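Thank you for making time this morning.

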Amino acid sequence: MASELPIEAPTAALNAIIRGSTAPAAIKEDLAGFLRAQGVDGADLDAMVAVGAERMLVYRSLVHNRMRNAARDYIPRTVARLGRARFIADFTAFMDEQGARSHYLRDVPAEIVEFFVARWQADPDVPGYIPDLARHELLDADVRNDWRGGEAETGLPLALDRPLRFDGATRLVNYGHPVHTLPRELDDRTVPPAEPTPLLVYRDEQHRPRYLALTTFAAAVLHELIDNGLPVQGALVAAAQALGESLDDDKLGSAALLFADLAERGVCLGAEPTTES
Amino acid sequence: MSMLHEIQRTRAVPTGIGLGLRARFRNEVARGDADGVPAFIELSPENYMHRGGRSPVQLEQIADRFPIISHGLMMSLGSTDPFDDEYFDYLRGFLDRYDPPWHSDHVCWSGLDGALLHDLLPVPFTTPVAERIAGRVREARDRLERPMAIENISWYAKLGHSQMDEPQFLCEVLERADCGLLLDVNNIFVNAQNHGFDPQRWLEAIPLDRVLQLHVAGHEPWDETLLVDTHGATVRDEVYDLMAWVIERTGPRPVLLERDTNIPPLPELLDEIRRLDGVYQSAVGRWQAATSQADPARSQVDAAPSKGHSDGQ
C-alpha cells in the first residue's frame with residue numbers, strides 16, 4: 001500500500017539507492033546530484049554526502065543479498081541453469097520495477113519468480129522449460145507451508161450430483177515440460193522434452209509434499225472438480241468433452257479408482273455437503 | 001516502578017537467558033532437546049503467521065515447553081506507509097494464541113510505497129520522525145491490545161542531518177509512545193565501533209526503567225571500517241559486559257541470544273546460553289546486593305524467579 005503521507009527526503013533517497021537499477025553507478029559518479037534529484041538539500045544533503053556513496057551502497061547490498069539469496073534458496077536448479085549473471089540482472093529489474101509486496105520473506109521468492117517468468121517468456125534466449133522448472137522448485141515450499149490443509153473429512157460418500165472437497169493444500173499444476181523428472185544435481189543440464197505434464201501435489205500426514213503424475217483424463221476431471229467446482233457427474237462429462245472423447249466404461253472405472261486413491265491419501269475429503277445441511 | 005513491573009502485574013514474564021527460534025533447530029527444540037536450558041523462546045511471528053504444515057504443530061509443542069516472547073520484523077515503524085490490516089489481523093491472532101507479555105519491533109523502516117525491503121533501515125534522528133514512530137507504536141499497541149517495545153538497531157549511515165543523537169531520539173520515541181525498550185546491546189557495541197562513541201555513555205543516557213528485554217548477538221566485519229550486525233558469530237566479551245552492566249542496574253530481565261547465520265549445532269548454542277547465564281546470574285547477584293542495601297524487601301520480590309515463568313506480582 002502506497003504512502004499517504006510524504007516521507008522525508010533522506011529516507012526516500014535511501015529507498016531509491018536500494019531499489020534503482022542505475023543508482024550504484026549514478027551515486028558513485030555524482031552522489032550530491034543524485035541526492036538533489038531525490039529532493040535532499042541543505043544540511044541533509046551535506047550529511048549524506050559526508051557519509052559517501054560506498055557506505056550508502058552497503059544498505060543496497062544487504063537488502064539485495066538477503067532477498068536474492070532467499071529466492072536462490074528456493075530455486076537453486078533454475079538459477080544454476082540460468083546462470084548467476086542473468087539471475088542477478090533479473091533480480092535487479094525486479095527491485096527496480098516492482099519490489100516485494102509480502103510481509104513474509106518465505107513468500108517473496110514466488111513474487112520474484114512470477115516477475116521473472118514474464119521476462120523469460122519474452123526472451124528467446126531463455127529455454128522454454130525454465131519457467132516450469134522455477135515454478136516446480138517453488139511448489140515444494142508452497143505446498144509445505146500452505147496455511148490451508150489438514151481439514152476434516154466431510155463424512156459424506158461420493159455422490160454424482162455433488163462436488164468433492166479436497167484438502168486445502170492440494171495443487172493441480174500443468175507444466176509444458178516434465179521438469180519433475182529432471183535430476184536434482186545442480187550441475188545437471190538435461191533438457192526436458194516439450195510435452196503436457198499434469199501433476200497433482202498434496203501434503204501428506206507427515207506434512208511432506210507428494211507428487212502424483214496424472215493421465216490426461218484424470219487431469220481434466222480434477223481440473224473440473226478442483227478449479228471449476230463441478231459436481232462429479234458434470235466434471236466427468238466436461239472432462240470427456242474437453243478431450244473430444246466419449247465417457248466410456250474404461251474412463252468411469254479409472255475415475256472411480258482415482259477418487260478412491262485420493263481418498264486413501266487424504267487428498268479427497270468426501271462429497272461437499274449441500275448448503276442446507 | 002519500572003515498566004516491567006507494571007506489566008508483571010497482569011502478565012507472566014520470563015526472565016533469564018532465552019533463545020531465538022530458528023528453522024535450523026526447530027525440530028530439536030520441539031522434541032525437547034533444549035529443555036531446561038533457555039528460560040524462554042523468542043519467536044518472530046512473521047516466520048510463522050499465516051503458515052500451515054509442520055511449523056504450527058511444532059510451535060504448539062514448543063509453547064508447551066517454554067514461555068514465549070514475541071519479536072517482530074516487519075512492522076516498519078519508521079515508514080509512512082499505512083499499516084497493513086491483514087498483517088495486523090494475522091499478527092493479533094498469533095499473539096492472542098501464544099500470549100507473550102509484549103510484542104516488540106525495530107526502530108527502523110522496512111519498506112516504502114508498498115514495496116517491502118525485508119531489512120532494518122535507519123531513520124533520521126529528528127523530532128518529526130520520533131513523533132511519527134511514536135504514533136505508530138501507539139497505533140500498534142491499540143490494534144494488538146498488548147504492550148509494545150521498540151528495539152534500537154545497528155545503523156551503518158546517518159540518514160541526513162540529525163537534530164539529536166540516538167539516545168535522545170529513542171528517549172523521545174519512548175516518552176511519546178509510552179512504550180518499553182528492547183535494548184540490543186550488540187547493536188550498541190556495533191554502532192559504537194562504527195561511529196566512534198562510548199557505549200557505556202550511550203547506556204547512561206537511556207531510561208533503564210523502560211527496558212523490558214535485552215538482545216545479545218555476535219557480529220562480523222563488512223570491511224576494515226565497518227562491523228555489521230549479522231548474528232553470525234558468538235557473542236563477544238564486550239557485549240557480555242554491556243549486558244551485565246544493564247542487568248546490574250535493572251535487575252532480572254529476559255535476555256535473548258540471537259543467531260541467524262553460521263548457526264552452530266544446538267548443543268553449542270545451549271553451551272553459549274549457559275555461559276551467558278553465568279554472567280547474567282552474577283549481574284543479578286550484584287543488583288540484589290545493591291538493592292537489598294537500599295530496600296531489602298524489594299530485592300527479594302524482584303529477583304525471583306531468574307529462570308522460567310514468572311507468575312507476576
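Which residues of H4(A) are buried? They are Met56(A), Tyr59(A), Leu62(A), Val63(A), Met67(A), Arg68(A), Ala71(A) and Tyr74(A), where buried requires 20 or more other C-beta atoms, placed from the backbone, within 10 Å of the residue's own.

Before I continue, please keep in mind that this is a predicted model, in which local features need pLDDT of at least 70 and side-chain atom pairs count only at pLDDT 80 or more, while totals for chains, interfaces and linings use all residues. Residues are numbered from 1 along each chain as its sequence is written, and chains are lettered from A in the order in which they are written.

Helices here are DSSP runs of H or I with at least four residues, and strands are runs of E with at least two, numbered from the N terminus. Helix H4 of chain A covers residues 53–74, and because 22 residues at 1.5 Å a residue should span 32 Å, the 32 Å between its end C-alpha atoms agrees with expectation; the expected span is 1.5 Å times one less than the number of residues.

Let me turn to its neighbours within the chain. The axes of H4(A) and helix H2 (residues 23–37) of chain A come within 10 Å and cross at roughly 160°, the axes being lines fitted to C-alpha atoms over the stretch in contact, with angles from 0 to 180 degrees between N-to-C directions. The two helices are therefore roughly antiparallel, a label for angles over 145 degrees. Pro24(A), Ile27(A), Lys28(A) and Leu31(A) of H2(A) make this contact with Ala53(A), Met56(A), Leu57(A) and Arg60(A) of H4(A), contact meaning C-beta atoms, placed from the backbone, within 7 Å.

With helix H7 (residues 108–121) of chain A, H4(A) packs at about 85°, the axes lying 9 Å apart, and the pair is therefore roughly perpendicular, which covers 65 to 115 degrees. Here Met67(A), Ala70(A), Ala71(A) and Tyr74(A) of H4(A) meet Val108(A), Pro109(A) and Ile112(A) of H7(A).

Finally, the contact between the chains takes 44 residues from chain A and 33 residues from chain B. H4(A) gives the most to the side of chain A that touches chain B, with eight residues.

Technical notes: A residue is buried if 20 or more other C-beta atoms lie within 10 Å of its own, exposed if 12 or fewer, and partly exposed in between; C-beta atoms are placed from the backbone. Two residues are in contact if their C-beta atoms, placed from the backbone, lie within 7 Å. Angles under 35 degrees count as roughly parallel, over 145 as roughly antiparallel, 65 to 115 as roughly perpendicular and the rest as oblique.
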